[in-house]
Amino acid sequence: ALPISRDGSRPPRRRGGALGYGYAEPGSDVASLWRLKPDTPIKTRDENGKMKVLKYMQAKGSPSCLYFTYEMRHGDGLKDTTKPVVVGEGEKKTLAVKQCGFVAVGVGGVWGAHDVAAKKRGEGWKLSDWWKHVQIEGREIILCFDADAATNDHVMHGLLVLADMLYAAGAKLVRMVNIPPTVTRLLLFPASFSTSWVTLSI
């Protein structure tokens, strides 16, 4: 029960429960960042007064971190270039990918992979510092994002930017897994993805 003050003021409003995901670097179990998924999305307004719904929450101004499962933090999969890395959008997708036996790394949203501070300084798109834990050079990277990636221009733009950053870091091949309701496809990004790409049906 919430206490009621003597002056009759309204008691503090409870937000309800939330599921928390801790972001810890390999070799550590101490979270540098927590992302919360409220049981009930929170409605608020941005700096322009526009209503928005918060499905996930984290500290304002926090850097872009990668989500590593316990096995990734304490194993050698991140450095083993013989196995592709699957990058999942969000923690639940990353956990599911890891349970299927893949090397999995998570990003907290489609724009959660780049160095935010460097972009604000006008240095362009760069991978966040946490990518130093993943051996990228000479490796295949598979991007596994939300199902609307093929139809949502905002999500597709984020995927193209991430693919470009990964190629700049030496990735051998970057693929995107798109899972529509009825068909599973792989969109294959060549190194010169800005001009074209090949669609493969499986």
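Q: Of the contacts with a separation of 6 or more, what share is between residues 24 or more positions apart?
A: This is a predicted model. In it, 55% of the contacts with a separation of 6 or more are between residues 24 or more positions apart.

Q: How many helices and strands are there?
A: The protein has 4 helices and 11 strands.

Q: And what percentage of the residues count as buried?
A: Of its 202 residues, 36% are buried.

Q: Which residues form a nonpolar patch on the surface?
A: Trp34, Leu36 and Met57 form one, and together they have about 280 Å² of accessible area.

Q: Where does Leu36 lie?
A: Leu36 is part of strand S2, which covers residues 33-38. Its relative accessible area is 35%, so Leu36 counts as partly exposed.

Q: New topic. How many disulfides does a search of the whole structure find?
A: The search finds 0. Cys100, for example, is in no disulfide, and the nearest cysteine sulfur is that of Cys144, 9.4 Å away. A disulfide needs the two sulfur atoms within 2.5 Å.

Q: Is Cys100 buried or exposed?
A: Cys100 is exposed, because its relative accessibility is 59% and the cut-off for exposed is over 50%.

Q: And Cys65, buried or exposed?
A: Cys65 is buried: its relative accessible area is 5%, and buried means under 20%.

Definitions and conventions
Residues are numbered from 1 along each chain as its sequence is written. This is a predicted model: local features need pLDDT of at least 70, side-chain atom pairs count only at pLDDT 80 or more; totals for chains, interfaces and linings use all residues. Side-chain values use heavy atoms; hydrogens and water are left out. Buried means under 20% relative accessible area, exposed over 50%, partly exposed in between (1.4 Å probe, protein chains only). Helices (H or I, at least four residues) and strands (E, at least two) are DSSP runs, numbered from the N terminus. Contact means heavy atoms within 4.5 Å. Patches are made of residues with over 30% relative accessible area and no salt bridge: like charges are joined within 9 Å, nonpolar side chains (Val, Leu, Ile, Met, Phe, Trp, Tyr) within 5 Å. Accessible areas come from the Shrake-Rupley method with a 1.4 Å probe; for residues, only the protein chains shown count as cover. A salt bridge is a side-chain nitrogen of Lys or Arg within 4 Å of a carboxyl oxygen of Asp or Glu.
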